[in-house]
Amino acid sequence: MQRAVSKYFSAAALIVSMLAAASCAGGKKTVQAPCRRILLSDSLILAHRSDTIDFGRINEGEVVEMPLVIVNAGDKPFVILAAETSCGCLDPIYEPVPVQPGGDISLTLRFRSAGEAGTHLKTIHILTSLAPERYRLVVSADVR
């Protein structure tokens, strides 16, 4: 009898701990934002052009991923050599592969909003093989 009760309590404790673990893991909800297209060429970089990426209103604690399609609008192939951010809460994810003229490459921006309540303006400087200057993306988000 005592063994049956002990097994019952052990099983109940296991279920409770699994539910607690599941609820803690749920705090990092990943949200997919709509895709954006960005045209990039050496002339746009040399003209110091930039784009603004707006994540819009997001809930604090969410991880929001926005896919970007960067189109080679020039007449020379390029490679993204580096993407530097102004904040550790923003991650650019890409493969450094050659992009032929007229071709495109995917770059995903991941914004981790935990502890980031308020209105934000962040920057990403993209260094390519096209020019020594960096292409600037301004990223905005309203974290509630």
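Predicted model: local features only at pLDDT ≥ 70, side-chain atom pairs only at ≥ 80, totals over all residues.
Trainee: What makes the pair Arg-57 and Asp-142 a salt bridge?

Mentor: The closest N and O atoms of Arg-57 and Asp-142 are 3.6 Å apart. The cut-off is within 4 Å, so the pair qualifies. Arg-57 lies in strand β3 and Asp-142 in strand β9, so the bridge ties together parts that are 85 residues apart in sequence.

Trainee: Why is Arg-57 called exposed?

Mentor: Its relative accessible area is 61%. Exposed means over 50%, so Arg-57 is exposed. Asp-142 has 17%, and buried means under 20%, so Asp-142 is buried.

Trainee: Are Glu-65 and Arg-110 buried, exposed or partly exposed?

Mentor: Glu-65, at 16%, is under 20% and therefore buried.

Trainee: What makes Glu-84 and Arg-134 a salt bridge?

Mentor: The N to O distance is 3.7 Å, which is within 4 Å. Glu-84 is in strand β5 and Arg-134 in strand β9, so this pair ties together parts 50 residues apart in sequence. Glu-84 is partly exposed at 40%, and Arg-134 is partly exposed at 34%.

Trainee: How many salt bridges does the rule give?

Mentor: The count comes to seven.

Trainee: Why are Cys-87 and Cys-89 called buried?

Mentor: Cys-87 has 15% relative accessibility and Cys-89 has 4%. Buried means under 20%, so both count as buried. As for disulfides, a search of the whole structure finds zero.

Trainee: Which residues have the most contacts inside the largest nonpolar core?

Mentor: They are Ile-53, Phe-55, Ile-70 and Ile-126, in a core of 31 residues. Among the elements giving two or more residues to this core are β3, β4 and β8. The largest share, five residues, comes from β9.

Trainee: Which residues does Phe-55 touch?

Mentor: Leaving out residues up to four places away in sequence, Phe-55 touches Val-64, Met-66, Leu-90, Leu-109, Phe-111, Val-139, Ser-140 and Ala-141.

How values were computed
Residues numbered from 1 in each chain as written. Heavy atoms only, no water. Core = buried A, V, L, I, M, F, W, Y, C linked by side-chain atoms within 4.5 Å. Buried < 20%, exposed > 50% of the residue type's maximum accessible area, 1.4 Å probe, protein only. Helix = DSSP H or I, 4+ residues; strand = E, 2+ residues; numbered from the N terminus. Contact = heavy atoms within 4.5 Å. Disulfide = S-S within 2.5 Å. Salt bridge = Lys/Arg side-chain N within 4 Å of Asp/Glu carboxyl O.
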